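Let's walk through this one together, a question at a time. Have a look at the sequence and the model first.

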Amino acid sequence: MTDTPDERANKLKCPTCGRDDLTLNEFFKLARKAKGVTLREVEKQTGVSNALISQIENSHVLEPGYFTVKKLLEYYEIKGGIKGGIEP
């Protein structure tokens, strides 16, 4: 089954592996693993609780807040945000 144009617009490209079909949840999980850090290390550096990061990575939180996403993107040094945009 193929994605609709709207579904494709919500997919992200992995900065390390090049896959361009990632959900936000998959994207953050791969970014953390690529950086080689634990949930607790991300928490310490971003102020985002490790429980919330885990919930995001495991698709229990599908639409995290703007500032949470912003902090994580900054931590993972993702420039230019994500396609589709995020508004506060």
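Q: Which residue's side chain is joined to that of glutamate 57 by a polar contact of 2.7 Å?
A: This is a predicted model, so every value here is computed from predicted coordinates. Glutamate 57 belongs to helix H4, which covers residues 50-57. The partner in the 2.7 Å side-chain contact is arginine 32.

Q: Is glutamate 57 buried or exposed?
A: The cut-off for buried is under 20% relative accessible area. Glutamate 57 touches Asn25, Phe28, Lys29, Arg32, Leu39 and Tyr76, leaving aside residues up to four places away in sequence. Its relative accessibility is 6%, so glutamate 57 counts as buried.

Q: How many aromatic pairs are there?
A: Rings pair if their centres lie within 6.5 Å. By this rule, the count of aromatic pairs is 4.

Q: Are the planes of phenylalanine 27 and phenylalanine 28 stacked or edge-to-face?
A: A pair of aromatic rings is described by the distance of the centres and the angle of the planes. Phenylalanine 27 and phenylalanine 28 are both buried. Their ring centres lie 5.8 Å apart and their planes meet at 65 degrees, so this pair is edge-to-face.

Q: What is the arrangement of the rings of tyrosine 75 and tyrosine 76?
A: Both of these tyrosines are buried. They also form one aromatic cluster with Phe27 and Phe28. With centres 5.1 Å apart and planes at 70 degrees, the tyrosine pair is edge-to-face.

Q: Which residue has its charged end over the ring of tyrosine 75?
A: Tyrosine 75 is one of the buried residues of helix H5. The charged end above its ring is 4.3 Å from the ring centre, and it belongs to lysine 35.

Q: Why can the buried residues of H5 be said to line one face of the helix?
A: Helix H5 spans residues 66-75, and its buried residues are Thr68, Val69, Leu72, Leu73 and Tyr75. Seen down the helix axis, they line one face because they fall within an arc of 160 degrees.

Q: Which helices do the buried residues of H5 pack against?
A: Leu72 and Leu73 are among the buried residues of H5. After this helix comes glutamate 77, with a positive phi near 55 degrees. The buried residues of H5 pack against H2 (24-35), H3 and H4.

Q: How far apart in space are glycine 47 and lysine 71, C-alpha to C-alpha?
A: Glycine 47 is found in the loop between H3 and H4, where it is exposed with a relative accessible area of 60%. In sequence, glycine 47 and lysine 71 are 24 residues apart; in space, their C-alpha distance is 8.3 Å.

Q: What pattern does the chain follow along the sequence?
A: The chain has 88 residues, of which 31% count as buried. Its secondary structure comes to 5 helices and 0 strands. Read in order, the pattern is α-α-α-α-α.

How values were computed: Residues numbered from 1 in each chain as written. Predicted model: local features only at pLDDT ≥ 70, side-chain atom pairs only at ≥ 80, totals over all residues. Heavy atoms only, no water. Phe/Tyr/Trp six-rings, centres within 6.5 Å; stacked < 30°, edge-to-face > 60°. Buried < 20%, exposed > 50% of the residue type's maximum accessible area, 1.4 Å probe, protein only. Lys NZ or Arg CZ within 6 Å of the ring centre and 35° of its normal. Helix = DSSP H or I, 4+ residues; strand = E, 2+ residues; numbered from the N terminus. Polar contact = N/O pair within 3.5 Å; in protein donor to acceptor, adjacent residues only side chain to side chain. Contact = heavy atoms within 4.5 Å. Arc of directions from axis to C-beta.
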